[in-house]
Amino acid sequence: MPGELNQVGKEMPVRDCLAVERTELANERTFLSFLRTALTLFAAGVTFIQFFDSVWLEWLGWIFIPISIILVILGCFSYKKMRRAISSIESHCPLNIKEE
């Protein structure tokens, strides 16, 4: 909100507000990389189980599938935690960049 003060008693400079926006974009990229990695592991796991007759590759496939699910969960928690931190800082920014 314009006019709102930060902990020091001053509005955030424009460069800091833009840094917050860049941090938000980096957070989204990190979340998407978690999802991309999880999807790759899941696809590899299903492929190892379905198309290879080797026992150790089948075991590897069964290991990849739960790891991919764990990665999705970790990515979601990481994204939400960082999003909350960014939102608390964003409230001190005098710019109204977001369309609500």
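A few notes from going through the structure:

1. Ground rules. This is a predicted model, where local features need pLDDT of at least 70, side-chain atom pairs count only at pLDDT 80 or more, and totals for chains, interfaces and linings use all residues. Residues are numbered from 1 along each chain as its sequence is written, and side-chain values use heavy atoms, leaving out hydrogens and water.

2. Confidence. The average pLDDT (the predictor's confidence in each residue, from 0 to 100) is 85 for the chain, and 82% of the residues score at least 70. Watch residues 1–6, where pLDDT is below 50. Beyond near neighbours in sequence, that stretch still has 15 contacts in the model (contact means heavy atoms within 4.5 Å).

3. Fold. You get 2 helices and 0 strands (DSSP runs numbered from the N terminus: H or I of at least four residues for helices, E of at least two for strands). Of the contacts with a separation of 6 or more, 68% are between residues 24 or more positions apart.

4. Helix H1. Spanning residues 14–51, H1 has 38 residues and runs 55 Å from first C-alpha to last, close to the expected 56 Å (1.5 Å times one less than the number of residues).

5. Burial. Buried residues (under 20% relative accessible area; exposed is over 50%, partly exposed in between; 1.4 Å probe, protein chains only) make up 23% of the 100 residues. In H1 they include Cys 17, Glu 21, Glu 24, Asn 27 and Phe 48. Helix H2 (55–90) is part of what covers the buried residues of H1.

6. Aromatics. There are 3 aromatic pairs (Phe, Tyr or Trp rings, six-membered for Trp, with centres within 6.5 Å; planes under 30 degrees apart are stacked, over 60 edge-to-face, the rest tilted). One is Phe 31 with Tyr 79, tilted, at 5.2 Å centre to centre and 40° between the planes. That pair links H1, which holds Phe 31, to H2, which holds Tyr 79, across 48 residues. Tyr 79 counts as partly exposed because its relative accessibility is 23%.

7. Phe 48 sits in H1 and Phe 64 in H2, 16 residues apart. Both Phe 48 and Phe 64 are buried, and together with Phe 52 they form one aromatic cluster.
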